[in-house]
Amino acid sequence: MKAIRLNIWHDGRQWVASNDDFTFRGNSLDELDQNVRRYVLSRESLSRGDTFRVYMYFDNRTIPEWIRPYAQHYFDRILEIKT
Amino acid sequence: MAEEKATERKETLSVSALEAEDVMAGAEEWVGTETWLVVGSLIAAVIALVIGLLVVPTSVLH
Amino acid sequence: MAQYPERRWYTGMLSTEDWWAVWIALFFFFLGLLNVFGVDLVGWMTYPTKWVFSPAEGGKGAISHAFYALGKKYSAHAKDFYKGLGWWSVIWSYVIFGIALTIGAAFMKWDVKRYAIGFTIIYFLTIACWFIGHHAFIAATKVNRHKYGLDFSLNMGGGASFIIALIVGLIIGNFFKGAANYLSVAAKPEWYIKTAIVTLGAKLGYLPIKLAGMSQKLGKEAAGLTFDLFVAGAAATIVAYLVFWPGVYTISRKIFKLPRQTAATLASGISICGVSAAVATGAAVRARPVVAIMVSALVVIWAVIELIILPGFFTYVWPGTKDPLVAGASMGMAVKTDGADAAAGELLDEFMRTKIEIETNGAVKWPEGIITASAVMTKVWIDMFIGIWAFLLAVVWVYKFERRPGEKVPASEIWHRFPKFVLGYFFCWFFLLALFFGPGQSGAPEAKAFLKNVKSGMVPVEKGMRKLFFMLTFMSLGIITDFKKLREAQFGKMVWVYFVSLFCFVIPVAILIGYLFHHGMTPPNIAEYVK
């Protein structure tokens, strides 16, 4: 199964998911996912029936430092894109 | 949209740095799933309470 | 841009406070256990005792003895050495704990120099509060004040030191903001309390050993009582969880008309385990981080307000000394941060033990720590369940409410949210229980020598280190609590939802559930065995 890994965070206005190669943005998670999906479907060579996984690991730097002692983790998401 | 280069970002966010007006506003209509969540949780509580009272040796039933 | 590697089960073991609380507490725990092999490396831990400016002839309370190394009293192997330390034990404790904590700070990539300076200031302020709080006029009760040549005293017991530390911290946090900001690098109530909670696990495991030293029957009773607390705490917590959350959620949605994601996050913050629940739930319902951040800002301040109000209320209004463990368990369910809850539990422990001693004129004495343990037990269960609750909520949200195509909720989320310090707490508890029931032969006379060695190593950890870290927690909590934030906060409505939900719903329900599962439980009376 093909996959990419991204860091995800919120910059105060938008959700951002990125790695060294790409940056995706969206006002909502729906919009973000759509952008990721659109990119994956247009660029990756997927055969019919393939599942493409997008792992999104939350970047804890988004959480203010004073909260981190209480909670170390926000969320990790997996987006499955089926052709 | 995919940008080829990652943009710089702030290390942390603070309440004042966030656009938060809409956090309090725009309540959605109460829907059936919420009723199900709330009532389901309460039913589970009653079941847990009864089992707990019967099983836990220090409960008021003992 | 720094890349975050894929999150594994062991991620954070060397970089989070949660894990460092475990490492530091376990290090001193095992250092203490070296006593079994005839080496006492923990007897230097400092502890205060009551003092007066001019002790009566032949009476107790010389200032020169106000701090002593616990090894002086309890060491099986180096009593004479530790006897000589006296006030120097304060410096020994400063240097050794300071080094251990600074190593942790370095691994967590904090500003090490600032941490070391901040810790130094906080440590000595804490020691000063501890010292003042133990002046016999403040701490002695009518039962023991005559030993210090006093006819009157404030009857506050050990609780006074905690209150003084909190007040000093709050003064710094609210009136000397520059200093508070500088000290904030080392003012880490959650870290200190998690370390203290791991040593509280040692205390729970040590209780049967201690009481077996008085009578074998008492030792077994203590083991049974701690296990009962464990079971009752679990049951009470599950029920409380399942009642609190829908209650506060409905109040937020129906009465205060908040949107769904905000209501869910707030409901968890108010009703479950505060900041960690707010963050976990905010994440579970896929809210923007700002929602959890706003709720968290409220939680930490309200928790300190509860810490100020509830121990006194439970001790002097209801349920008082009739049901000390109902009070403790309710505290754990009502106070929403680990730091404030454990601190409130410890304060309650001091208040209740002092009160029962006064009420019965010394005929009833409870061993310290059991009431604290009852408050921490429910909290620990709550902390453990949040991962599961947040996972279930995420499943409901992602698959039912939002139905985002293709999104999956990884089950590893449960582990990422698991409070790791709890592992240290249970480890210490069960390890000592195993020693008690194994080589300790449940306190049988043949195993006395072995148990004495364990005691020699454990008392400094479960008593000296635990109390010191509690004191550091009170001081740090004060320093980082700025009440002005509550006024400045632009989320007035949320402040009210919090107030109404907490005082009209969460606290009464916590007391009711605490009562249903803990009514009638009392710590054992050890008056005939202690002076």
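Is C:Cys129 buried or exposed? With a relative accessibility of 3%, C:Cys129 counts as buried, a word that here stands for under 20% relative accessible area, with exposed meaning over 50% and partly exposed in between (1.4 Å probe, protein chains only).

## Basis of the model

This is a predicted model, in which local features need pLDDT of at least 70 and side-chain atom pairs count only at pLDDT 80 or more, while totals for chains, interfaces and linings use all residues. Residues are numbered from 1 along each chain as its sequence is written, chains are lettered from A in the order in which they are written, and side-chain values use heavy atoms, leaving out hydrogens and water.

## Where chain C meets chain B

In the contact (heavy atoms within 4.5 Å), 40 residues come from chain C and 33 residues from chain B. The area buried between chain C and chain B is about 3200 Å², and carbon and sulfur atoms give 76% of that area; buried area is the accessible area (1.4 Å probe) that two parts lose on being put together, summed over both.

Between chain C and chain B the count is 3 salt bridges, each a side-chain nitrogen of Lys or Arg within 4 Å of a carboxyl oxygen of Asp or Glu. C:Arg260 forms a salt bridge with B:Glu34, with the closest N and O atoms 3.5 Å apart.

## Cysteines

The count comes to 0 disulfides over all chains, a disulfide being a pair of cysteine sulfur atoms within 2.5 Å. C:Cys504 is exposed, its relative accessible area being 57%, whereas C:Cys129 is buried at 3%.
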